[in-house]
Amino acid sequence: MLLVKIAVVAAICGFLFGFDEGVIAGAFPFMQHVFKFTPFWEGLMTAAVPLGAAFGALFGAGMSDRYGRRLLLIGSAVLFVFGSVLVSLSFNVVMLTGTRILIGFAIGCSALVTPQYLSELSPPAIRGRTVAIFQLMIIIGTLIAYLSDLIFDSANLGPFSSDNARWRLMFLIAVIPAIILFFGMRSAPESPRWLVMKGKQAAALGVLKETQPELGQQELDRTMNEMVQDDQAWEQEIGWLHLFQPGIRRITLFCMTAFVFQQLSGINVVVYYAPQLMKQLNYSAVTAQISATVGIGVIYVLATIVALILIDRVGRRKLFIISFAGAAISLAVISFVLWTDNKADDVYALYGIWSFIIFFSIGIGPGPWVYMSELFPTELRGRGMALVQLVNWTMTFLVVFLFPIVSTAIGIVATFAFFAGFCCLAVVFALKYAPETKGIPLEELQARLGIGAGGRPATAG
């Protein structure tokens, strides 16, 4: 089925996103033998990707509406290739950080466009699942990065067996999926909703027939009419301030806050610094640290597959609430075990990390991505998702950058207690504000949320 092919190809962006998150965890112990990292440079180099992603999201916002979702994903693939090659050629910390910012730019652009592209192509009944594939591919990318790190750590690479060669190969391998993404997107169709926005109704109808062949002519006509009417309602000039109009403001603030809490759960500390955390739990050898990290990656993938099954059955809201509650308990367990400083109990901290990953994966992880791709009206979706992603990447940068500095200053125990506290606050936030959107056509969501043309509250008529 064409829709399956599109979902898989587009979600390779998620794979590349996750791969870069994971590869740095395994590469860093080898990079330490080549470069001298202070806590500042360790944080900045590790967080360079989310820093670049913030700029990539802003760039993608305007370009996505102007040139289309497909072209932006092709361009992102090209940047991934060049960025991966340049990172592997880095000869000092400054170049390494700068080239990782370039990769981050590609990730930010593609992470903005991919959920938008998938949501606009998918039928309502499976839209959450389809968009959640992006999140699943992020996790699979992370796991594959951990596995490749383990292979490059333990394998006999002949002339490439030095620490300096191993970490470079770890980054260079990302070129392969980036090339697959490039050629895959070249044969993929454009989003039908973007085609309607550009006045290309015939082309949009053709894409709908290809991606949703089960639709009869009556359903096709209804879907097309809804998209055209939605577009006509937004014919006036759309600006950034529309995101804060009374009818849209609560959507904008909800999506922004959802990503703030996602990052303050501490997930990227676990993903980016997993080997260092394993070292805290007395895994002293680099191979043992990476092996334990692979175990985390496996659990991450399996739990995300479960989320893929549940998200269109249980719904977004319930999973969002449950996952934050479970994550809070898991983080509290990790903090408590580390506080007791009893080496015999370290295994419980590892169980806490596994539990945290499971709860994160079923709701906190996919939830904000699905929500932002669904809630914004078509003509505001690009800008809305860009603003939300700017917040997301800024928070990711701050958390990843500050972790080595903060954990050195206040200790790892207080750091995890901090994350647990924010997960508790997130439960209250989700209970009060998280909507349920499963199974609702995108064109109907505005009416259900009380949003009229131009972002104004809809009036009863």
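Predicted model: local features only at pLDDT ≥ 70, side-chain atom pairs only at ≥ 80, totals over all residues.
Visitor: What share of the residues counts as buried?

Guide: Burial is read from relative accessible area, with under 20% as the cut-off. Here 60% of the 461 residues fall in that class. The accessible surface of the protein is about 17,300 Å², and carbon and sulfur atoms hold 68% of that area.

Visitor: How much of the contact count comes from residues 24 or more positions apart?

Guide: Among contacts with a separation of 6 or more, such pairs make up 84%.

Visitor: Which residues have the most contacts inside the largest nonpolar core?

Guide: A core of this kind is a set of buried nonpolar residues joined through side-chain atoms. The largest one in this protein has 143 residues, and Met31, Trp167 and Phe320 have the most contacts within it. Helix 1, residues 2-31, is the main contributor to this core, giving 15 residues.

Visitor: What does Phe320 touch?

Guide: Leaving aside residues up to four places away in sequence, Phe320 contacts Phe254, Ala258, Gly363, Ile364, Gly367, Pro368, Tyr371, Phe429, Ala430 and Ala434.

Visitor: Which residues form the nonpolar patch on the surface?

Guide: A patch takes residues with over 30% relative accessible area and no salt bridge. In this case the members are Phe40, Leu398, Leu402, Ile405, Val406 and Ile410, with about 450 Å² of accessible area together.

Visitor: Which helix gives the most to the nonpolar patch?

Guide: Helix 19, residues 378-410, does, with five residues. Ile410 lies in helix 19.

Technical notes. Residues numbered from 1 in each chain as written. Heavy atoms only, no water. Buried < 20%, exposed > 50% of the residue type's maximum accessible area, 1.4 Å probe, protein only. Contact = heavy atoms within 4.5 Å. Areas by Shrake-Rupley, 256 points an atom, 1.4 Å probe, with all protein chains shown as cover. Patch = residues over 30% accessible without salt bridge, like charges linked within 9 Å, V, L, I, M, F, W, Y side chains within 5 Å. Salt bridge = Lys/Arg side-chain N within 4 Å of Asp/Glu carboxyl O. Helix = DSSP H or I, 4+ residues; strand = E, 2+ residues; numbered from the N terminus. Core = buried A, V, L, I, M, F, W, Y, C linked by side-chain atoms within 4.5 Å.
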